[in-house]
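Hi,

Here is the structure I said I would pass on.

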Amino acid sequence: MVSASKAEVRSGTVGRAAAHGVEADAAEGAEPEAGGRIDQAGETRLASMESLRALAAVAVLVSHVFGFAYLWGPAIYGGFLHRVLLGGGFAVFLFFALSGYLLYLPFARRDFGAGTSIRLSRYLGNRAVRILPLYYAVLIVVLLTTQHGGTFDQWWRFAVFGESFSRHTVGTVDGPMWSLVVELHFYILLPVLAAAIRLLARRSYLRAALMLAVLAGASLGLRIALVVHPAHHDLRWEYSLPTTFLFFVSGLALALVRVRWEAGTPRWLAGPLQNGNTWLLASLPLWLLTFWRYDLDAVAALASFLVVGSAALPLRRGRLVRGLDWRPLAVLGTASYSLYLWHMPIVQEVAGARWSPTGFLPLLAILLPLCIAVALVSYIAIESPFLRLRRSWSGRRHPSPAPAVTAAVGATVT
């Protein structure tokens, strides 16, 4: 039923690095050979990957601004254009695909390619400094300023990432936080999942792909039964890893394709399929289908596979893919996590103010630059200091040879 997807959109639906072992995780996107680079806290990242993060975060923001402009009334579904704007919330599935690809790639290289061993302590440490400092900073500010100090139940549940397990707290306080709970569960599961694939696949790409297909099918079945056509709709299931895991599978599968490609171009990737533009353009009808029928949101898993693949795989870089190297967009991508977490409280406060303009475009004209400015400041003040810890414990004492993003961020803020 469409109603399940409405709730999902409203609440926040948004050289080989393997030479360093798990630093492929630490650098999260610093591995492909072609394309522009961007610096994030001293680590080189692929600009196109960061641009995808920026586009996904902005799409989620636009979705929420549109919803508040129409007071979440029936008019927000009035026409296909409205459904496209509101459907920007489905970009959260693109985030899941990016996580699946970037985090599984070192494991896939270790198990199927020439990658080195992975230190789980470093992997978990990298994940902790990536999500925890900003999450807790936003949580404290939002509880104190918008929730009248918060209740004891809110404080302890959100503190332990348990908000999605209670009917009283799921999807509340800061809607997009539900996806952080899902991401955390994926981080914990991934090493176990990678070990299982390694054991059962025995270096066979086909067996590994079949395992992922089975897991995606099981997740899709749960999603249809518990989210799309449930007997009794429950946000706790909608905002859970079991019903969203198929979107991570998009990235997991891409990691396998990438490692297979490093041993030689797969035969099925020939002709137009070797052009990144083809992959991006092929994703468009799938996104449009998702916007037309929200209850077909599982199609976004395939769309995300194509979008992330256009930037992640060593395809010919057409004009569209090269456009993802645009530096301002990539800079915003480095702060996309801040944009994703801060935008909802800001949108709620501004949209509810007496002086707030009416109409979607006037509201967006105020909120888009405001949220971007807050995100860039948040990245510099909160995210970057903790992210630099990853380089210190990885043994890399010198910054990566990429232009510093901090200067560009400062220029944008001022």
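Arg 258 and Glu 262 meet through their side chains in a salt bridge, at 3.2 Å from N to O (a salt bridge being a side-chain nitrogen of Lys or Arg within 4 Å of a carboxyl oxygen of Asp or Glu). The two residues sit four apart in helix H11, so about one helical turn separates them. Arg 258 is buried, with a relative accessible area of 2%, whereas Glu 262 is partly exposed at 23%.

Before going on, a word on what you're looking at. This is a predicted model, where local features need pLDDT of at least 70 and side-chain atom pairs count only at pLDDT 80 or more, while totals for chains, interfaces and linings use all residues. Residues are numbered from 1 along each chain as its sequence is written, and side-chain values use heavy atoms, with hydrogens and water left out.

The whole structure has 14 salt bridges. In another one, Arg 157 pairs with Asp 153, with the closest N and O atoms 2.8 Å apart. These two are four residues apart in helix H7 (residues 152–159), so they are about one helical turn from each other. Asp 153 is partly exposed, at 24% relative accessibility. Asp 234 and Arg 236 form a salt bridge too, their closest N and O atoms being 2.8 Å apart. Here Asp 234 is buried at 11% and Arg 236 is partly exposed at 28%.

Back to H11: what does this helix pack against? Helix H11 (residues 241–262) packs with helix H13 (residues 299–312) at an angle of about 35°, their axes 9 Å apart. (Helices are DSSP runs of H or I, at least four residues, numbered from the N terminus; axes are lines fitted to C-alpha atoms over the stretch in contact, and angles run from 0 to 180 degrees between N-to-C directions.) Arg 258 is among the H11 residues that meet H13, along with Leu 246 and Phe 247; on the H13 side, the partners include Phe 305 and Val 308. (Contact means heavy atoms within 4.5 Å.)

Finally, confidence: the chain averages a pLDDT of 87, and 86% of the residues score at least 70 (pLDDT is the predictor's confidence in each residue, from 0 to 100). Over residues 397–414 the pLDDT is below 50, and it stays under 50 over residues 1–33 as well.

Cheers

Key:
Buried < 20%, exposed > 50% of the residue type's maximum accessible area, 1.4 Å probe, protein only.
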